[in-house]
Amino acid sequence: MIFGRSERGKPPVEPVTLKILVAGGFGVGKTTLVGAVSEIRPLRTEELLTEAGRPVDDTRGVEGKHTTTVAMDFGRITLREDLVLYLFGTPGQERFWFMWDELSEGALGAVVLADTRRLEDSFAAVDYFERRSIPFLVSVNCFEGAPRYPVEDVRQALDLDDGVPLMMCDARDRESVKEALIGVVQHAMAYAADRRQTVTT
């Protein structure tokens, strides 16, 4: 059991633990994002890309990538004394999508990472969470040399509902990633409150 720090003379606080998914296309930065904020050594299930996989794995735009996640990434971050997030990075390639249903079980929400050089690779993740009514936030990973577009242009290209938050981030930067995680927690809480209100009225 995980306990947070407590003030002198007060019993330790047992934190609320929440599950957040990190999804998106192949090579978009999911493993990097989890590693940037995790306070424990992240669990990674990466394997080297092989010649046999080249006809299957589209590496256009990420030619320098030599590994791929075959199961999941896992990390943990304490946002407050009473709030801990468990992060699960999903595999990006289509042949591993069967794992998404298992990983999404019990998730509060998701961060969908997007790359403006391969924006179409985000469509599957956006569709997945929309169909399952899992609240999500889209975070555009600002790769060096990648074209930058206004937020509204990206929103239109991804055909996002107005209620879906969209922000820019740097998956290598701890503070930038924390902002995205705080954003998805806030969005998921508001989404749950709206649904409760709809049911009771």
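Tutor: A charge sits over a ring if NZ of Lys or CZ of Arg is within 6 Å of the ring centre and within 35 degrees of the ring normal. In this predicted model, local features need pLDDT of at least 70, side-chain atom pairs count only at pLDDT 80 or more, and totals for chains, interfaces and linings use all residues. Residues are numbered from 1 along each chain as its sequence is written, and side-chain values use heavy atoms, leaving out hydrogens and water.

Student: Which residue lies over the face of Phe143?

Tutor: Arg117 does, at 4.5 Å from the ring centre. Lys19 lies over the face of Phe88, at 4.7 Å from the centre of that ring.

Student: How is a pair of aromatic rings described?

Tutor: By the distance of the centres and the angle of the planes. Rings of Phe, Tyr and Trp (its six-membered ring) pair if their centres lie within 6.5 Å; planes under 30 degrees apart are stacked, over 60 edge-to-face, the rest tilted. The whole structure has six aromatic pairs. In one of them, Trp100 and Tyr128 are edge-to-face, 5.2 Å centre to centre with 80 degrees between the planes.

Student: Where in the chain do Trp100 and Tyr128 lie?

Tutor: Trp100 is in helix H2 (residues 100-104) and Tyr128 in helix H3 (residues 123-131), 28 residues apart. Such helices are DSSP runs (H or I, at least four residues), numbered from the N terminus. The rings of Tyr128 and Phe129 have centres 5.2 Å apart and planes at 90 degrees, so this pair is edge-to-face.

Student: Which residues form one aromatic cluster?

Tutor: Trp100, Tyr128, Phe129 and Phe136.

Definitions and conventions: Helix = DSSP H or I, 4+ residues; strand = E, 2+ residues; numbered from the N terminus.
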